[in-house]
Amino acid sequence: MRITRALRFGIGALAIAAVATACGGGSSKSAAQHAADGKLTVGIKFDQPGIGLRDKDGSFAGFDVDVAKYVAGKLGVKPENITFKEAPSAQRETLIQNGQVDFIVASYSITDQRKEKVDFAGPYYIAGQDLLVRADNTDITGPDALKGKKVCSVKGSTPAQNLEKNYKDAQLQTYDTYSLCIEALKSGAMDAVSTDNVILAGYAAQSPGQLKLVNKPFTTEKYGIGVKKGDKESRDKINDAVEAMISDGSWKSTLEKDFAGTGFQIPTPPTVDRY
């Protein structure tokens, strides 16, 4: 009887483990260990032009993609051995904690709240909330020129909350996505769109000659590369790679390539935090 129960328990445990694996349980290896094996899985955005975008042919492009490839290269992994996985904002911590990605490069702002769950290498970029307007607009020169202007941002986003709190004279309207805001801006229904400058530059790159950045950032957002909490070895190696990308000129040339023709002004490179 005891043997039968033990067998049942063992079979049940195996079934539970199989279900967990089937549901996408990730590897227990660190990013550095996977890199030593010659392969990496990296989380990026699939829907942000200029940052992380999956093209119709299945290829990926954008600044975060280029940063991920550079970092992977410094870790010894070739571009063809990188698997890119979509990392929506709300799922980023879970993807890292479950080992479904080795690290995440996805316009991922470093915050104290997030640092309770994951660690960050970087920052590799310091963004700032900015404004995108039509190319012929001369009225909107910065956030203080928004009185009576229709400004679009995304529902529940930090940029929308900032406008609502600190720029009450603006006529804020929120949509579900930035792409809807962009269409409203092009049609004349909106006077400006507001979110992080590097994201806006990506949308401007998709519409050359139609849209332009105001280039007057009015917040500070540090973009970091998310890794598993406590994985100091991987974080240190990624930090080394980010510093190399900045020092050898690749960081600047990549930004110039990804945002050519948008009016985007390349900022001063960030200093990597080694905490």
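Q48 has its place in strand 2 (residues 47-48), where helices (H or I, at least four residues) and strands (E, at least two) are DSSP runs numbered from the N terminus. The model is predicted, so that local features need pLDDT of at least 70 and side-chain atom pairs count only at pLDDT 80 or more, while totals for chains, interfaces and linings use all residues. Residues are numbered from 1 along each chain as its sequence is written, and side-chain values use heavy atoms, with hydrogens and water left out.

Two strands pair if DSSP finds at least two bridges between them, and strand 2 joins strand 3 (residues 52-54) in the antiparallel sense over two bridges. Within strand 3, G52 stands opposite Q48.

The side chains of Q48 and S107 are joined by a polar contact of 3.1 Å (a pair of N or O atoms within 3.5 Å; within protein, one must be able to donate a hydrogen and the other to accept it, and residues adjacent in sequence count only if both atoms are side-chain atoms).

I246 is found in helix 9 (residues 232-247). Its C-alpha atom is separated by 8.4 Å from that of Y124, 122 residues apart along the chain.

The table sets out accessibility, with buried meaning under 20% relative accessible area, exposed over 50% and partly exposed in between (1.4 Å probe, protein chains only).

| Residue | Relative accessible area and class |
|---|---|
| Q48 | 11%, buried |
| I246 | 23%, partly exposed |

Leaving aside residues up to four places away in sequence, I246 is in contact (heavy atoms within 4.5 Å) with W251, P269 and P270.
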